[in-house]
Amino acid sequence: MARDREFGKERLRRARFAVAAVFCVHGAVTGSFATRIPWIQEHAGVSPGLLGLALAFPAIGASVAMPLAGAVSHRFGARTALRGLLALWTLSLALPSLAPDVYALCGALFVYGATAGMSDVAMNALGVEVENRLDRSIMSSLHGMWSAGALIGSASGTLAAHLGGDARLHHLVAAVVLTALGLFFCQGVLDLRSAPDEEPPPRFALPPKSALVIGAIGFCGVFAEGASLDWSAVYLKDELGTSAGLAAASTTAFALTMTVARLVGDRVVDRFGAVRTVRVGGLAATAGGVLVVLAAHPVAAMAGFGLIGLGVAVVVPLAFAAAGRSGPNPSQAIAGVATITYTSGLIAPSAIGGVADATSLTVSFGLVMLLAFGLVLGAGVLRTGDRTPRTPSRTPLGEKTRG
């Protein structure tokens with residue numbers, strides 16, 4: 001019996017490593033794509049305005065396709081579903097750089113976003129299951145691995161761009177390598193299967209009410225994250241008159257702060273709980289927003305952006321974890337929260353720009369400050385459920401469902 005328990009713990013440790021590696025691969029695709037957007041724009045011959053329109057299509061594709069992830073996992077099992085969906089996502093990296101015009105680019109980015117969203121839901125559902133079985137927080141570090149992967153992908157893309165490499169070749173090579181890595185790591189994730197008498201989830205369904213409430217917290221966190229990531233450099237350059245190099249450094253520092261905070265966030269969550277962690281994080285992000293709005297010197301603004309990154313880093317991982325524990329269908333709840341957060345990430349940059357055009361960037365980050373304070377007020381919704389392992393309706397292949 002003791003040997004069986006030890007075997008189970010070792011399998012869970014392997015499953016945790018495998019799903020963390022999958023998160024890293026997923027993030028590397030995003031980082032590889034983002035750094036070559038200028039090349040793609042030039043190759044497709046699109047104006048900045050049309051490029052902005054095209055870049056909305058990943059979020060549209062993700063929002064449309066994410067509700068399908070639960071049905072795919074039910075039909076094929078979690079491991080097989082993740083293997084297929086992740087491979088589609090990594091291979092889709094090669095599509096945008098092949099687009100000859102804006103119409104083809106929009107179509108390629110729709111596919112890119114749809115496969116991103118479905119694989120995102122599948123890997124988060126598996127991450128929540130591993131967290132529940134381990135009975136301790138791991139979702140923050142999983143998202144930290146995603147951020148680390150994005151940084152690795154960004155670094156490789158920056159090097160390729162610096163060397164003047166053709167993005168079609170760069171993305172083709174990256175797609176092949178990341179697909180191979182993804183298929184390899186997927187072998188180690190839990191092989192969850194639906195019980196024979198379990199009803200299949202609907203192909204399309206509105207998010208459950210619990211997901212809408214939890215998603216509102218995710219919305220606030222992702223809005224602050226997206227606004228800071230996309231506009232911090234512009235803020236330092238235009239509002240405070242810094243050099244382009246220092247302005248760019250602020251964005252890199254923000255991304256690094258997010259990554260480090262996520263990698264260590266699980267220890268904080270296990271000690272203080274999700275609600276208290278997000279409330280304190282919300283206070284830190286609010287203080288960061290105040291610093292940004294009142295900053296008269298670049299150092300103060302950079303410190304403010306750092307506090308925002310520190311404060312919102314664990315919000316999305318904890319929102320996904322709470323969604324996965326909020327009802328009988330984790331994939332459907334996670335898909336609902338993911339849809340809301342993707343929407344927030346889509347509208348944040350344009351909303352900041354719109355407010356800035358009407359007033360100023362300073363006023364725009366006043367809005368970020370208010371949404372950050374929303375984390376303090378709404379953190380209680382993350383108390384939903386607990387990490388006590390539930391009687392599973394889907395179990396690893398070879399295990400019997402306990403009655």
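These are my notebook entries on a predicted model of one chain.

**Entry 1: overall make-up**

I began with the secondary structure. The chain holds 16 helices and two strands. I then looked up burial over the 403 residues, and 51% of them count as buried. Next came the range of the contacts. I took contacts between residues at least 6 apart in sequence, and 85% of these join residues at least 24 apart.

**Entry 2: cysteines**

How many disulfides does a search of the whole structure find? The search returned zero. Cys24 has 17% relative accessibility, so I log Cys24 as buried, the limit being under 20%. Cys106 has a relative accessible area of 11% and is buried.

**Entry 3: H12 against H13**

I turned to helix pairs. Helix H12 covers residues 274-294, and helix H13 covers residues 298-312. Their axes are 7 Å apart, and the packing angle is about 160°. Angles over 145 degrees count as roughly antiparallel, so H12 and H13 get that label. The crossing of this pair is left-handed.

I listed who makes the contact. H12 contributes Gly281, Gly282, Ala284, Ala285, Ala287, Gly288, Gly289, Leu291 and Val292. From H13 come Ala300, Ala301, Ala303, Gly304, Phe305, Leu307, Ile308, Gly311 and Val312. I sorted the residues of this contact by class: twelve are nonpolar, six are polar and none is charged.

**Entry 4: H4 against H15**

Helix H4 spans residues 57-65, and helix H15 spans residues 330-358. I find their axes coming within 10 Å and crossing at roughly 170°. H4 and H15 are therefore roughly antiparallel to each other. The crossing is left-handed.

Which residues make the contact between H4 and H15? On H4 they are Ala59, Ala62 and Ser63. On H15 they are Thr339, Tyr342, Thr343 and Leu346. By class I get four nonpolar, three polar and no charged residues.

**Entry 5: H8 against H14**

This pair joins H8, residues 139-162, to helix H14, residues 315-324. The axes come within 8 Å and cross at roughly 130°. Are H8 and H14 parallel, antiparallel, perpendicular or oblique to each other? Roughly perpendicular ends at 115 degrees and roughly antiparallel begins over 145, so H8 and H14 are oblique. I noted the hand as well: H8 passes H14 in a right-handed crossing.

The H8 side of the contact is Met139, Ser140 and His143. The H14 side is Val316, Pro317, Phe320 and Ala321. Five of the contact residues are nonpolar, two are polar and none is charged.

I stayed with H8 and looked at the loop that links H7 (102-134) to H8. Asp135 lies in that loop. Asp135 has a positive phi of about 60°, although it is not a glycine. Is Asp135 buried, exposed or partly exposed? Its relative accessibility is 45%, so Asp135 counts as partly exposed, between the 20% and 50% limits.

I moved on to the loop between H8 and H9, where Gly164 sits. Gly164 has a relative accessible area of 62% and is exposed. Trp39 is 125 residues away from Gly164 in sequence, and their C-alpha atoms are separated by 9.6 Å.

**Entry 6: Leu169 on H9**

Helix H9 runs over residues 167-186 and includes Leu169. Is Leu169 buried or exposed? Its relative accessible area is 57%, over the 50% limit, so I log Leu169 as exposed. I also checked Leu169 against Ala94. The two are 75 residues apart in sequence, and the C-alpha to C-alpha distance is 8.5 Å.

**Entry 7: Ser32 on H1**

Last, I picked a residue of helix H1, residues 2-34. Ser32 is found there. With 3% relative accessibility, Ser32 counts as buried. What is Ser32 in contact with, leaving aside its neighbours within four places in sequence? I find Leu93, Gly153, Ser154, Ser156, His170 and His171.

Notes:
Residues are numbered from 1 along each chain as its sequence is written. This is a predicted model: local features need pLDDT of at least 70, side-chain atom pairs count only at pLDDT 80 or more; totals for chains, interfaces and linings use all residues. Side-chain values use heavy atoms; hydrogens and water are left out. Axes are lines fitted to C-alpha atoms, for helices over the stretch in contact, and angles run from 0 to 180 degrees between N-to-C directions. Helices (H or I, at least four residues) and strands (E, at least two) are DSSP runs, numbered from the N terminus. Angles under 35 degrees count as roughly parallel, over 145 as roughly antiparallel, 65 to 115 as roughly perpendicular and the rest as oblique. A crossing is left-handed if the near helix is turned anticlockwise from the far one by less than a right angle, and right-handed if clockwise. Contact means heavy atoms within 4.5 Å. Ala, Val, Leu, Ile, Met, Phe, Trp, Tyr, Cys and Pro count as nonpolar, Asp, Glu, Lys and Arg as charged, and the others, Gly among them, as polar. Buried means under 20% relative accessible area, exposed over 50%, partly exposed in between (1.4 Å probe, protein chains only). A disulfide is a pair of cysteine sulfur atoms within 2.5 Å.
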